[in-house]
Amino acid sequence: MKPEHKAILSIIEDYLTKYPEQRFGQALLNLNINQLKKTTLEHNEVPELRDIYNDTDDKILERIKI
């Protein structure tokens, strides 16, 4: 496991310890690990998960720490 992985997991653990009522998926969104984007569907803006496949671990850590 890389140091960045450990740091991300530690942040998630601390967050879920502080907010145990949060579901795991909510925590990922609230920590800005997963992100939403606005997509237009039939002339309405609809939130959709942004594909974070190409985001590096460093970029994810930067988003979490903000």
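The largest nonpolar core of this predicted model consists of 11 residues: Ile8, Ile12, Tyr15, Ala27, Leu28, Leu31, Ile33, Ile52, Ile60, Leu61 and Ile64. A nonpolar core is here a set of buried Ala, Val, Leu, Ile, Met, Phe, Trp, Tyr and Cys residues joined through side-chain atoms within 4.5 Å; buried denotes under 20% relative accessible area, exposed over 50%, and partly exposed in between (1.4 Å probe, protein chains only). Two or more core residues come from each of helix 1 (3–18), helix 2 (24–30) and helix 3 (57–65), where helices (H or I, at least four residues) and strands (E, at least two) are DSSP runs numbered from the N terminus. Beyond its neighbours within four places in sequence, isoleucine 8 contacts (heavy atoms within 4.5 Å) Ile33, Asp57, Ile60, Leu61 and Ile64.

Tyrosine 15 is buried at 16% relative accessible area. The search of the whole structure gave 1 aromatic pair. Its members are tyrosine 15 and tyrosine 19, with ring centres 4.9 Å apart and planes at 45 degrees, so the pair is tilted (for Phe, Tyr and Trp, the last by its six-membered ring, centres within 6.5 Å; planes under 30 degrees apart are stacked, over 60 edge-to-face, the rest tilted). Tyrosine 19 is partly exposed, at 31%.

Most residues other than glycine have a negative phi. Asparagine 32, in the loop between helix 2 and strand 1 (36–41), has a positive phi of about 70 degrees and is partly exposed at 29%. Histidine 43 also has a positive phi of about 70 degrees; this residue lies in the loop between strand 1 and strand 2 (44–49) and is exposed at 81%.

Residues are numbered from 1 along each chain as its sequence is written, and side-chain values use heavy atoms, without hydrogens and water. Local features required pLDDT of at least 70 and side-chain atom pairs pLDDT 80 or more, whereas totals for chains, interfaces and linings use all residues.
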